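Subject: Structure handover

Hello,

Here is the structure I said I would pass on. Please look through it first; my notes on what was found in it follow below.

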Amino acid sequence: FAVKRDMDLMRRILLRIEERSDVPPRVLTLEDFFDIKEDAYVISLHIDLLCDAGLIEVMSTSINDGLKDFDITRLTLAGYEYLDAVRNIKVWSRVKKTIDFVGGATLDIIKQMAVKELSKELGLG
């Protein structure tokens, strides 16, 4: 089961985690992302990658029928920083176009590119 990393999906998952308005925030699980992507295994993999990258915090994980599920509690500071860099759709579109052209990029490079584009949007670069 090989899946290519989907940077759009990762961005959308981060946005969903941030948009929770519950106080205190409720825990999110795979089901909270099914409207973004129907394939639970793909969502699970990308949540796992976000966790590996230190962008989200999970309280626990479980495996049911070979599917890894998570109790996602929050974005980390690194998660907010990354999301702030890629949040603007114009910035994200330009970054995505470039990474698609070159065939991909690391999260760090994507963030650097987005910060540069965001600086231009703000008239700083």
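Please keep in mind throughout that the model is predicted. Arg11 is buried, yet it has no salt bridge. The nearest side chain of opposite charge belongs to Asp8, and it is 5.5 Å away. A salt bridge needs the nitrogen and the carboxyl oxygen to be within 4 Å, so Asp8 does not count as a partner for Arg11. What does lie 2.7 Å from a polar atom of the Arg11 side chain? It is the backbone oxygen of Arg87. Leaving aside neighbours within four places in sequence, Arg11 is in contact with Leu83, Val86, Arg87, Asn88, Ile89 and Trp92.

Arg87 also has a charged partner. Its salt bridge is with Glu18, where the closest N and O atoms are 2.6 Å apart. This pair links distant parts of the chain: Glu18 is in helix H1, while Arg87 is in the loop between helix H3 (77-86) and H4, and the two are 69 residues apart. Both ends are partly exposed, with a relative accessible area of 30% for Arg87 and 28% for Glu18.

Now for the other salt bridges. How many are there by the rule applied here? The count comes to 13. In general, side chains of opposite charge can pair when their charged atoms come close.

One of these salt bridges joins the side chains of Arg94 and Glu121, at 3.0 Å from N to O. Here too, distant parts of the chain are linked, since Arg94 is in helix H4 and Glu121 in helix H5 (residues 107-121), 27 residues apart. Arg94 is partly exposed, with a relative accessible area of 32%, and Glu121 is partly exposed as well, at 33%.

Is Glu117 buried or exposed? Glu117 has 15% relative accessibility and therefore counts as buried, the cut-off being under 20%. Lys90, Arg94, Glu117, Lys120 and Glu121 are linked in a network of salt bridges.

Next, the largest pocket. Its volume is about 220 Å³. The lining is made up of Lys4, Arg5, Asp6, Met7, Asp8, Lys96, Ile99, Asp100, Gly103, Gly104, Ala105 and Ile110. H1 and helix H4 (89-102) each supply at least two residues of this lining. H4 gives the largest share, with 3 residues. Asp8, the nearest side chain of opposite charge to Arg11, is among the lining residues.

One backbone detail is left. Asp65 has a positive phi of about 55°, although it is not a glycine. Where is Asp65 found? It sits in the loop between strand S1 (56-64) and strand S2 (67-75). Asp65 is exposed, with a relative accessible area of 78%.

Regards

Key. Residues numbered from 1 in each chain as written. Predicted model: local features only at pLDDT ≥ 70, side-chain atom pairs only at ≥ 80, totals over all residues. Heavy atoms only, no water. Buried < 20%, exposed > 50% of the residue type's maximum accessible area, 1.4 Å probe, protein only. Lys, Arg positive; Asp, Glu negative; His and termini not counted. Polar contact = N/O pair within 3.5 Å; in protein donor to acceptor, adjacent residues only side chain to side chain. Contact = heavy atoms within 4.5 Å. 1 Å grid on protein atoms, 1.4 Å probe; cavity = no way out; pocket = protein on both sides within 12 Å on 5 of 7 lines; lining within 4 Å. Points joined across faces, edges and corners; volume = space filled by probe spheres on them. Helix = DSSP H or I, 4+ residues; strand = E, 2+ residues; numbered from the N terminus.
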